[in-house]
Amino acid sequence: MREHLQTWTRELVSPLIPYYSPGGARVRLGVNAALHDDAAAELESFARPLWGLAPLAAGGGRFDHWDLVRRGLASGTDPAHEEYWREPRDSDQRIVEMAAIGFALALAPERLWDPLSGGERDRLAAWLATALARDTSDNNWRFFGVLVSLGLSRVGVRHDRAAVTERLDRLETYALGDGWYSDGPTERRDYYVSFAMHFYGLVYAALSADRARAERFRERAAVFAHDFQHWFAADGAAVPYGRSLTYRFAQGAFWGALAFAGVEALPWGVVKGQLLRHLRWWRARPIFTADGLLSVGYGYAQPMLAEQYNAPGSPYWAMKAMLPLALPATHPFWTAPELAAPDLPGVRAQPHAGAVLMRAERGRHVVALSARQHHMWVRHGAEKYAKFAYSTHFGFSVPGGYAGLEHGAHDSMLALSEDGVHYRVREEPLDHAVDGDTLYSRWRPWPDVEVETWLTAAPPWHVRTHRIVTARALHTAEGGFAIDREPPLEREAAPGRACARGRSGVSAIEDLSACRTGRLVVALPGTNVAAPRTEIPTLVEDLPPGEHWRSAAVLGLTDPGADVPPPPDAPVRRVP
């Protein structure tokens with residue numbers, strides 16, 4: 001399997017080679033529509049493959065284009081060269097990509113440093129050191145200077161270690177307990193916890209001489225693994241949640257980082273299985289362009305999903321998943337037989353994430369119920385963080401426009417409107433709580449409209465209860481899971497119920513309050529992260545001003561031939 005992963009790493013990078021500039025420093029994959037400049041975007045496309053190439057080299061794997069990479073390092077750090085990357089400013093995208101180069105120097109100096117001339121080494125070292133003199137966002141970005149320092153230390157370059165210690169001390173303040181971090185002093189606890197905070201911490205633990213801090217990083221990761229495994233289905237699919245989903249199989253990078261740092265948080269065969277199943281799941285997805293490049297999107301090329309910082313080379317952050325290639329073939333991660341996913345409980349509350357994870361169909365389907373997190377800076381932040389449910393199989397949807405339910409694609413949301421055209425949803429919870437299998441949140445789409453929502457796991461169903469207090473008349477629409485509508489679905493829309501059954505499974509929503517009418521909403525194409533064309537079983541109703549209680553049971557099944565079990569009863573709720 002190690003040889004297969006080495007081969008796939010080369011296959012992922014090979015389509016990039018024709019896009020390298022003459023000096024090797026710029027990799028131009030297409031039009032850059034990100035918020036950073038073209039030079040930074042082309043540096044990104046150059047640097048991010050190193051997350052996989054450096055471990056490949058450290059583990060003795062072959063790559064035939066190191067001369068091109070070295071040429072790029074020399075050109076990109078030479079102020080007299082037309083392909084010079086330029087020094088970073090505070091919070092510059094260049095600092096992100098400098099971390100990948102620092103990491104690569106730390107793992108494979110014989111490929112990237114030793115063959116350079118003295119002047120080329122001096123210019124590369126001086127350019128990297130500027131990252132330590134710049135401020136960054138107060139989140140996982142604090143680690144980038146730490147990775148630069150690891151690289152400079154490996155090749156014997158003196159630099160500002162006090163700046164590194166300051167960053168590390170700040171990063172440890174993000175620790176929440178139980179192995180969890182927040183991504184800075186925020187409510188965000190998404191995949192940046194695993195593929196950034198823990199990943200970098202484990203790299204640091206493996207490569208630094210800072211034993212006390214390294215041990216803390218290892219201990220936190222060992223605890224976190226027991227929660228994190230619940231985010232993966234038996235086939236390797238991870239729950240799509242939060243920003244930067246275009247990094248795709250970076251979702252599984254944590255498992256390889258455990259091995260790299262020697263942390264047997266779970267038996268090695270289990271850790272190995274988590275990573276390899278995840279990679280196999282991704283290999284089966286149509287995520288490549290016609291010329292073999294990783295596309296921007298999630299389950300397919302989906303530009304609508306992109307954040308404002310996504311450039312054409314951004315998806316190569318996924319190469320972090322190749323970290324265990326740095327380990328020798330004799331490491332127990334490689335020698336242990338791959339084990340199936342553990343038999344985990346059907347419900348797992350994770351208060352730090354503000355989530356309840358539920359598993360059904362023998363682990364083939366995992367749903368994350370969500371009530372805490374929010375992120376309004378990123379594009380589609382409400383959809384990426386504040387929906388009620390996120391599914392390994394049905395994904396979630398982002399808006400394709402703002403005129404009606406078809407444009408809004410409001411799966412796993414309660415959407416409210418004054419005019420029946422423009423809808424508002426939960427964006428930022430005002431309060432949140434976790435109580436066993438139930439999540440609570442309070443949100444306010446208008447100053448005079450307040451909604452309290454309870455989400456209860458009852459696999460394979462989940463139950464939603466809402467208390468709506470409104471001073472205005474409202475059109476309401478509550479969506480279940482979006483389902484692939486090709487080939488044509490068996491569709492049912494009736495008073496109190498909407499259901500769709502097709503090749504990809506079953507999606508249903510039942511009104512437990514006996515007030516609403518079922519409808520199948522044909523969402524705009526390209527809105528769902530799992531399937532390009534979907535329909536959303538939805539309950540609709542018009543409400544007058546006043547107080548209203550509504551409950552619904554929502555079901556998603558991966559087996560199209562499965563019988564639909566009876567829905568659970570609506571729990572009795574009281575205002576806290």
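User: How much space lies in the largest cavity?
Analyst: In this predicted model, the largest cavity holds about 70 Å³ of space, where a cavity is a set of points on a 1 Å grid over the protein atoms alone at which a 1.4 Å probe fits but cannot get out, and the volume is the space filled by probe spheres set on those points. Residues are numbered from 1 along each chain, and side-chain values use heavy atoms, without hydrogens or water. Local features need pLDDT of at least 70, side-chain atom pairs count only at pLDDT 80 or more, and totals for chains, interfaces and linings use all residues.

User: And which residues line the largest cavity?
Analyst: Its lining, meaning residues with an atom within 4 Å of a point, is made up of Trp180, Arg189, Asp190, Tyr191, Phe224, Phe228, Trp231 and Tyr241.

User: OK, how many cavities of 30 Å³ or more are there?
Analyst: The count comes to four cavities of 30 Å³ or more.

User: Switching to strands, why is S16 largely enclosed?
Analyst: Strand S16, a DSSP run of E with at least two residues, covers residues 497-502, and five of its six residues are buried (under 20% relative accessible area with a 1.4 Å probe), so the rest of the structure largely encloses it.

User: What does S16 pair with?
Analyst: Strand S15 (residues 490-494) runs antiparallel to S16 and is joined to it by five bridges, while S16 and strand S17 (residues 505-511) are also antiparallel and share six bridges; pairing needs at least two DSSP bridges. Alanine 493 stands opposite alanine 498 in S16, and arginine 501 faces valine 506 in S17 in the other pairing.

User: What's in the turns?
Analyst: The hairpin of S15 and S16 has two residues between the strands, and glycine 496 there takes a positive phi near 80 degrees. The hairpin of S16 and S17 likewise has two residues between its strands.

User: New topic: how many aromatic pairs are found?
Analyst: A search of the whole structure finds 39 aromatic pairs, counted when ring centres lie within 6.5 Å, with planes under 30 degrees apart called stacked, over 60 edge-to-face and the rest tilted. One of them is the tilted pair of phenylalanine 143 and tyrosine 200, with 5.5 Å between centres and 55 degrees between planes.

User: Which parts does that pair tie together?
Analyst: Phenylalanine 143 belongs to helix H8 (residues 142-154) and tyrosine 200 to helix H10 (residues 192-207), so the pair links parts 57 residues apart in sequence; a helix here is a DSSP run of H or I with at least four residues. Both phenylalanine 143 and tyrosine 200 are buried.

Terms used: 1 Å grid on protein atoms, 1.4 Å probe; cavity = no way out; pocket = protein on both sides within 12 Å on 5 of 7 lines; lining within 4 Å. Buried < 20%, exposed > 50% of the residue type's maximum accessible area, 1.4 Å probe, protein only. Phe/Tyr/Trp six-rings, centres within 6.5 Å; stacked < 30°, edge-to-face > 60°.
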